[in-house]
Amino acid sequence: MPEIVNPATGKIIKERAWDTSEVVERKLNAAAQAFTHWRELSFEQRGAHLKAVARQLREDKALHSALMTEEMGKPVKEADGEVEKTAWAAEHYAEHAKTYLAPQTIESDATRSWVQYLPLGTVLGILPWNSPYWLAARVFAPALMAGNTVIIKHDSHVPGCADAIEEAFRKAGVPEGVLQTLIVGNDTAGALIRDPRTAAVSFTGSTGGGKQVAALAAGEIKPAVLELGGSDPAVILADADLDQAVDTVALSRFICAGQSCIAAKRILVEESVYPEVVEKFRKRLEGLKVGDPTQPDTDIGPMARADLRDQLHRQVEDSIKAGARCLLGGEIPNKPGSFYPVTLLTDVPRDAAAFTEETFGPVAALTPVKDADDAVAVANATQYGLAAAVWTTAERGEALAPRFEAGQVAINGIVKTDPRLPSGGIKKSGYGRELGMPGIHEFVNAQQIWLGPKRG
């Protein structure tokens with residue numbers, strides 16, 4: 001039985017039993033049964049249900065926000081925004097799914113030939129703890145609007161969030177079995193992937209976990225979308241607006257206490273402006289408030305778990321031993337909870353842990369680069385390829401963007417996920433895409449229809 005610890009206090013706040021095999025079986029059957037009628041609804045009918053869910057989430061925003069803050073330490077101002085973004089995703093697909101999945105006519109030797117997009121069945125989402133609502137929306141909003149049913153296997157550290165998401169669908173009047181959540185261990189998650197009632201899998205998490213999910217899904221010949229780890233570079237060139245770059249990259253690095261796959265983890269600065277940028281970062285980071293995540297003026301709450309904090313501290317210490325300079329933070333505080341200070345590492349060697357591993361916490365790692373060519377080479381010298389950012393002139397940014405080995409590139413802006421735009425990685429950051437039009441096309445059968453031969 002998992003014990004749920006409030007990361008701000010270190011105290012056990014609840015116990016949540018694993019869902020039993022009987023519960024799992026009941027929910028799998030319910031999803032399969034619901035699929036038979038959910039798939040027959042029109043886009044407008046399914047959209048009405050998703051819009052009702054969005055309204056329900058907003059109506060109970062304080063409840064959902066408080067659950068995130070309690071279970072994984074997200075500051076309330078970020079948690080409120082996550083609920084809003086989740087509602088937005090539901091509304092976006094409710095309004096645009098019909099266009100995204102419109103049949104496509106293709107000229108051939110037929111009287112008429114076309115491709116139509118049909119649902120697959122039940123989509124299984126396997127999710128981590130860092131954004132329990134938004135990551136769920138990235139699965140359920142497109143998958144449900146395509147006509148699939150969805151089961152979300154949430155991380156065991158956020159069971160309240162999982163239960164509340166399912167309850168929001170129930171309160172919104174969505175038919176039973178269309179969206180359900182489970183709290184189960186990894187062995188059961190593997191069985192869920194193998195179960196014939198599961199048609200496809202979406203996984204967000206570590207690269208190691210992604211390898212296991214990919215192998216299981218491939219063994220069952222089931223489609224999978226993987227959004228895995230990242231060591232995202234943010235390049236600041238000398239011709240950038242340095243103040244804007246520092247403010248935005250700092251936000252990108254420290255949102256969710258730095259526990260984000262698409263956070264800017266390796267900050268590469270052209271050497272001619274490097275000392276100036278380092279000083280701007282120091283001043284910017286000194287102004288961030290670490291503390292009680294329930295308070296609206298808190299910028300950074302605790303890390304989600306003590307073991308994650310200890311892992312991050314090991315990476316910081318290893319990087320300092322390798323030659324990095326620690327200008328801020330770098331010490332575990334002597335206080336309850338899994339807090340870690342805002343930490344600024346500079347002159348980070350390119351082979352140090354802060355650059356070669358994914359750092360999942362409030363640590364900014366800076367190093368100088370000679371020029372744009374050097375920056376691109378260093379940015380691409382990683383096993384990951386999730387996202388990248390570059391700060392320069394707009395024209396130069398457009399020319400540099402295709403050279404980054406990443407699934408998305410932000411030019412003079414923050415790397416973010418948006419329901420209108422596809423998101424995903426390459427290399428060991430995964431495959432497939434979430435969100436936008438490509439995201440909904442991951443969960444459908446692109447069925448080709450050929451009608452009669454042409455005559456005459």
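Begin by selecting K222, which sits in the loop between α8 and β9 (224-227); helices (H or I, at least four residues) and strands (E, at least two) are DSSP runs, numbered from the N terminus. The model is a predicted one, in which local features need pLDDT of at least 70 and side-chain atom pairs count only at pLDDT 80 or more, whereas totals for chains, interfaces and linings use all residues. Residues are numbered from 1 along each chain as its sequence is written, and side-chain values use heavy atoms, with hydrogens and water left out.

Is K222 buried or exposed? With a relative accessible area of 13%, K222 is buried; buried means under 20% relative accessible area, exposed over 50%, and partly exposed in between, with a 1.4 Å probe and protein chains only. Display its surroundings next: not counting residues up to four places away in sequence, K222 touches I193, R194, D195, P196, T198, A199 and A217, where contact means heavy atoms within 4.5 Å. For a distance across the model, pick P402, which is 180 residues from K222 in sequence and 31 Å from it in space, C-alpha to C-alpha.

Move to T207, in helix α8 (residues 207-219). T207 has a relative accessible area of 12% and is buried. Residues up to four places away in sequence aside, T207 touches L228, G229, Y384 and K428.

Select T69 in helix α3 (residues 61-72). T69 counts as buried at 6% relative accessibility, and its contacts beyond four places in sequence are K74, P75, V76, A79, P293 and T294. E71 is found in helix α3 too and counts as buried at 2% relative accessibility. Beyond its neighbours within four places in sequence, E71 is in contact with I4, V5, P7, K14, H157, V158, P159, G160 and C161.

The contacts of E71 include P159, G160 and C161, which are among the buried residues of α6. How far apart are the end C-alpha atoms of helix α6 (residues 159-171)? They are 18 Å apart, which agrees with the 18 Å that its 13 residues should span at 1.5 Å a residue; the expected span is 1.5 Å times one less than the number of residues. After α6 comes G173, with a positive phi near 85 degrees.

**Helices α2 and α5**

Show helix α2 (residues 43-59) together with α5: their axes come within 9 Å and cross at roughly 155 degrees. Axes are lines fitted to C-alpha atoms, for helices over the stretch in contact, and angles run from 0 to 180 degrees between N-to-C directions. The two helices are therefore roughly antiparallel, a term for angles over 145 degrees. At the contact, F43, R46, G47 and L50 of α2 meet F140, A141, L144 and M145 of α5. By class, this contact has six nonpolar, one polar and one charged residues.

**The nonpolar cores**

The largest nonpolar core has 92 residues, and F140, I236, F281, L285 and L366 have the most contacts inside it. Such a core is a set of buried Ala, Val, Leu, Ile, Met, Phe, Trp, Tyr and Cys residues joined through side-chain atoms within 4.5 Å. Helix α5 (residues 134-145) gives the most to this core, with ten residues. A second, separate core of 26 residues includes L345, V348, V376 and F404. Centre on L366, whose contacts beyond four places in sequence include I267, V269, Y274, F281, L344, L345 and V348.

**Loop positions**

Select Y340, in the loop between β12 (325-328) and β13 (343-346). Y340 is buried, at a relative accessible area of 1%, and among the residues that it touches are V290, M303, R309, H313, E331, P333 and P362. I300, 40 residues away from Y340 in sequence, is 9.3 Å away in space, C-alpha to C-alpha.

Finish with two backbone angles. A257, in the loop between α9 (242-254) and β11 (266-270), has a positive phi of about 55 degrees although it is not a glycine; A257 is buried at 2% relative accessible area. L435, in the loop between β19 (430-431) and α15 (436-441), is not a glycine either, yet its phi is positive, about 70 degrees. L435 counts as buried at 0% relative accessibility.

Methods
Parallel < 35°, antiparallel > 145°, perpendicular 65-115°, else oblique. Nonpolar A, V, L, I, M, F, W, Y, C, P; charged D, E, K, R; others polar.
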